[in-house]
Amino acid sequence: MASNDAVPTTEQLQDLLLESPGFTEFLLGLATISASLLDGRESLLCAITVERDAGPSTVASSTAAAQRLDEKQYAFDDGPCLTALRHQQRVLIDDLQADDRWGHYALQVAGEGIRSVLAVPIQADSSSRAALNCYAYAPGTFTQAIVSRVQEHADNISKTLRLALRLHVPEPYPEHLRSALQSRSVVDAALSLIMLQNRCGRDRAMELLQLAARNSSRRLHDIATDILNASVRRDWTSPGVPRESS
């Protein structure tokens, strides 16, 4: 595990809460602490996701890459971290390439080079759910010892998180921004598949997707959704998207 085995004390976590100007900033600090504490021989990316019954989700991540990994799940409203959060159960994926539980999400995250995922619920209040999400680039990273350490850390930060939820009301997150995020993630995933099928770059993949949209008078998002549905069925032909000539 990390060379620095110092676990943050309750007082230190409370200081982080008091010094943070808002709930998102508090979560950002918590995610950064988590990554620093849990990082070892294999680099880990950490994110913390919170959903409230009275408001939308908040995601804070130790790196921009971890942020993208969490956000991609919202395109499909499903994934290992959302499952851990909503069902309050631990989810461990030793190798994404050998796991078929979340087909759309696995395809997209594989493009980021991530191979293993661990999501652990964090006990929150009665109107909220939370989870600590950890990602690694190597398969089999999350040994029993690391899983136990992540679970211990999630339990340790639970009390301060519950206090933060009481102090901070849900922050506004306009629905049109959430819809834009979901649409962007679906299109990004479809572009990755078009690039693979046609052995082309991202710009050319976007040209092909836009051509398909013009030819069919359909939205990019709708065509991208059809492409992803076909890929999960293991039908690698992109519906309506021209193939490059050999």
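Begin by selecting helix 2 (residues 23–38) together with helix 6 (144–167), whose axes come within 12 Å and cross at roughly 165 degrees. Axes here are lines fitted to C-alpha atoms, for helices over the stretch in contact, and angles run from 0 to 180 degrees between N-to-C directions. Helices (H or I, at least four residues) and strands (E, at least two) are DSSP runs, numbered from the N terminus. Helix 2 is therefore roughly antiparallel to helix 6, a term for angles over 145 degrees.

The model is predicted: local features need pLDDT of at least 70, side-chain atom pairs count only at pLDDT 80 or more, and totals for chains, interfaces and linings use all residues. Residues are numbered from 1 along each chain as its sequence is written, and side-chain values use heavy atoms, with hydrogens and water left out.

Contact means heavy atoms within 4.5 Å. F23, F26, L27, L30, S34, L37 and L38 in helix 2 meet R149, V150, H153, I157, T160, L161, A164 and L165 in helix 6. By class, this contact of helix 2 with helix 6 has eleven nonpolar, three polar and one charged residues. Ala, Val, Leu, Ile, Met, Phe, Trp, Tyr, Cys and Pro count as nonpolar, Asp, Glu, Lys and Arg as charged, and the others, Gly among them, as polar.

Move on to H168, in the loop between helix 6 and helix 7 (175–198). H168 counts as buried because its relative accessibility is 17%; buried means under 20% relative accessible area, exposed over 50%, and partly exposed in between (1.4 Å probe, protein chains only). Leaving aside residues up to four places away in sequence, H168 touches L17, P21, G22, F23 and R52.

Now select G140, in the loop between strand 5 (128–136) and helix 6. G140 is partly exposed, at 43% relative accessibility. From G140 to R115 the C-alpha distance is 8.2 Å, although the two are 25 residues apart in sequence.

At R115, look for D95: their side chains meet in a salt bridge (2.8 Å, N to O). Such a bridge is a side-chain nitrogen of Lys or Arg within 4 Å of a carboxyl oxygen of Asp or Glu. D95 lies in the loop between strand 3 (91–93) and helix 5 (103–110) and R115 in the loop between helix 5 and strand 4 (116–122), so the pair ties together parts that are 20 residues apart in sequence.

Finish at helix 8 (residues 202–216), where E207 and R204 lie three residues apart, about one turn of the helix. E207 forms a salt bridge with R204, with the closest N and O atoms 2.8 Å apart.

Conventions:
Parallel < 35°, antiparallel > 145°, perpendicular 65-115°, else oblique.
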